[in-house]
Every structure is written in structure tokens, then in C-alpha cells.
Amino acid sequence: MSTLPPTDYTHFTIQPLTLHIGAEVNGIDLSKPLHQDVLDELCAAFVTWKVLFFREQCLGHAEHVAFAKQMGTPTIGHAVFGHVEGFPEVYSIGKHRVANSTRNQKATRPWTGWHTDITAAVNPPSASILRGVDIPPYGGDTYWTNLAMAYHGLSEPFHRFLETLNGVHQFEVPQQLTGGTEYSKEIEDRYMESVHPLITVHPITGERLLFISPDFIDRIEGLSPQESELMLEFLWEHAVKPEYTVRYKWQPGDVAMWDNRSTAHRAPSDIFQTDFDRQLYRVTLVGEPLIGVDGRKSQAISGDPILSADEELRLSTIQ
Ligand code: SIN
């Protein structure tokens, strides 16, 4: 792949942060409703650049949700861990949420902490929109990787083999938390496991994607445990090579919006070495089951699809 993504847009300017992933968008105020022409162009830039960054937006929860509703249909804040009180679509990503604070206890490998959001569900969110509120003066950067570039970085014979395979994705209780904490109970109560093609096709761009999500994939279906482990370790390490990634330095008020179908990301673990606070909030958009190159679809093994926040709330009042 030698052509670079376009940078010319009519309704805003794009400042790429790397050659193939991540661009700052200037000239848009996300706190106001956007005209359909602007939204159409924004969607085109979004699937092209895969992560868009909007500086100094300073949205509140209501404005965050209102913007998300213009891009798609918000899910419940988090399908397993719930939402911010009064805002069913908003999930709090604070420094000391248990999911984060356990990260630095795991053995550190190049792919440790990398994931695509909630791939244990049969329909992982299509997009995630994260806004920074309390941001450390330094440290606390987020990384994303381009799964289309990761696919292109592999050879043709290997593509053909990988395209036949499926990954089994699980929402597992981290090993160090199996002692019945509230966090592990929430995961067990809403246990999710799904099978996704290892190579997926993006529903809008048609790009082929190396759909690996290191924190969620347990194994490759049909391979022996040793084959699966060795193959996954190779693919995970490959997918997070620096040349496929972008690293973002947050400022308070910034918004990052990523295509959850074509990227994986890594939250920072360095924040636990400081007393600096870090608080962000995320809204995710409802996604579809994924599709392989031969048209086969993701299958749920356990757990329900992720619904819209409205639908989740309606069902919870019936139960
Ligand atoms: C996330 O994993 O969605 C949050 C990323 C971050 O905290 O930087």
C-alpha cells in the first residue's frame, strides 16, 4: 500500500499525526449540531484516518452524547460495567477503575493492554468517542494501531491462510482478580464470548483488517493450543509495530473518536507511577457483527448483543 490517505476536506482541515493513522480535525465545534454535509465529510475522514482528534472542545456529558447521536446510535455506557449516573450512554474512564489499575500487574509484553473495545460481544461497538477532562501534565498518552496496515504488512500466502481462521474473544476475569471482587462478579454475571473472523472486511471502506484484540482473544479456533498461542503472539506483536500506530498527548477538553472496526488501542499504564489524576469519559456506538472475506459472520457463544442505551433501559424496566 503506497498511497497516502487524503488530507483535503471542504468543511474542516485535517492535520495528520502519522502517515496512515490519526489526524487532528480543526474548524469544527462539536458542542453544536453539525450540518449533514459536515457530518458526511466527517464520516469520510473518520473511516479514512481511523482516529480523529478534536482539540479544546470542553464538552459536558450532554454535549458528548448529542455529538455521538449525530455519528450513530449510542450503546449503554459499558455493556459490563454500566454508566455514569443520569447519563446512560456515558462510561467513566477514571484512573482508578479496576480494569486499569490491574494492568500494570500483568506480565508486560509488547501487546499488553492493547484491545479493540468489547470484542467479546458478537457486535463490538463500531466507534468510540473519548473525551479528556482531568489530564496529567505529562504521561498518560493513548496509542492506536491501524489494523488495515497490519493486514497489508503480511504476505499474500499468509493472508490466504489467516482469512480461513476465526478468533475466540472472551471477556475474562483477570487472573489476579479471581477472588470474587465486585469487578470480577460483574464480568462473570455478564459473561461474553464470541467468535469473529481473524480477517474482517470493513463495511464502509472494504479494507481487509487483521482483527486481533490482544486483551480479548483467547485462541484461534481449530488450531492446537501451541499453534494458536504461537500464531497469536506473532500476530499481536506484528499488529502493534510502531509504524502502524499513533500516540496521542491529551489536553483537557480534547475528544478522540476512533473506528473500533479498524483499530486497536492501548490505555496508558504509566499514570500509576505518578499521583497525577486522569479522568476521561467514553461513549460508544452500536456496531454490527463482523464479516469475513468469504461473507461469514461473527457468532455469539455466550452473552447478548450490545444494544442501544435506549433499548437496554427499556428492557431493564421490563425485567
Ligand atoms: C479506552 O481503553 O477506551 C480508554 C483509553 C484511555 O484511557 O486512554
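Let me begin with a term: a residue counts as buried when its relative accessible area is under 20%, as exposed when that area is over 50%, and as partly exposed in between, with a 1.4 Å probe and only the protein chains considered. By that rule Arg-208, at 34% relative accessibility, is partly exposed.

Before I go on, please keep in mind that this is a predicted model, in which local features need pLDDT of at least 70 and side-chain atom pairs count only at pLDDT 80 or more, while totals for chains, interfaces and linings use all residues. Residues are numbered from 1 along each chain as its sequence is written, and side-chain values use heavy atoms, with hydrogens and water left out.

The structure holds 15 of them, and in one the side chain of Arg-208 meets that of Glu-163, at 3.1 Å from N to O. This pair links distant parts of the chain, since Glu-163 sits in the loop between helix H5 (156-162) and strand S8 (166-170), whereas Arg-208 belongs to strand S11 (residues 208-210), 45 residues apart. Helices (H or I, at least four residues) and strands (E, at least two) are DSSP runs, numbered from the N terminus.

A second salt bridge joins Asp-254 and Arg-55, with the closest N and O atoms 2.5 Å apart. Here the two residues are 199 residues apart, with Asp-254 in the loop between S13 and strand S14 (255-259) and Arg-55 in the loop between S3 and helix H2 (61-71). Asp-254 is buried, at 0% relative accessibility, while Arg-55 is partly exposed at 26%.

Arg-219 is partly exposed at 34%, and Asp-218 is partly exposed at 31%. Salt bridges that share partners also join Glu-24, Arg-55 and Asp-254 into one network.

Now to the aromatic rings. Rings of Phe, Tyr and Trp (its six-membered ring) pair if their centres lie within 6.5 Å, and planes under 30 degrees apart count as stacked, over 60 as edge-to-face and the rest as tilted. There are 12 aromatic pairs in the structure. How are the rings of Phe-53 and Tyr-248 arranged? Their centres are 3.9 Å apart and their planes stand at 5°, so this pair is stacked. Phe-53 lies in strand S3 (residues 51-54) and Tyr-248 in strand S13 (residues 245-248), 195 residues apart, and both residues are buried.

By contrast, Trp-114 and Tyr-143 make a tilted pair, 6.3 Å centre to centre with 55° between the planes. Trp-114 is in strand S5 (residues 114-115) and Tyr-143 in strand S7 (residues 142-146), so the pair ties together parts that are 29 residues apart in sequence. Trp-114 is buried, at 4%, and Tyr-143 is partly exposed, at 22%.

Finally, ring pairs link Phe-53, Trp-144, Tyr-248, Trp-250 and Trp-258 into a cluster, and Trp-258 is also one of the residues surrounding the ligand, where having a heavy atom within 4 Å is what counts. A polar side-chain atom of Arg-278 lies 2.8 Å from an oxygen atom of the ligand, and an N or O atom in the side chain of Arg-282 is likewise 2.8 Å from a ligand oxygen.

Terms used
Polar contact = N/O pair within 3.5 Å; in protein donor to acceptor, adjacent residues only side chain to side chain. Salt bridge = Lys/Arg side-chain N within 4 Å of Asp/Glu carboxyl O.
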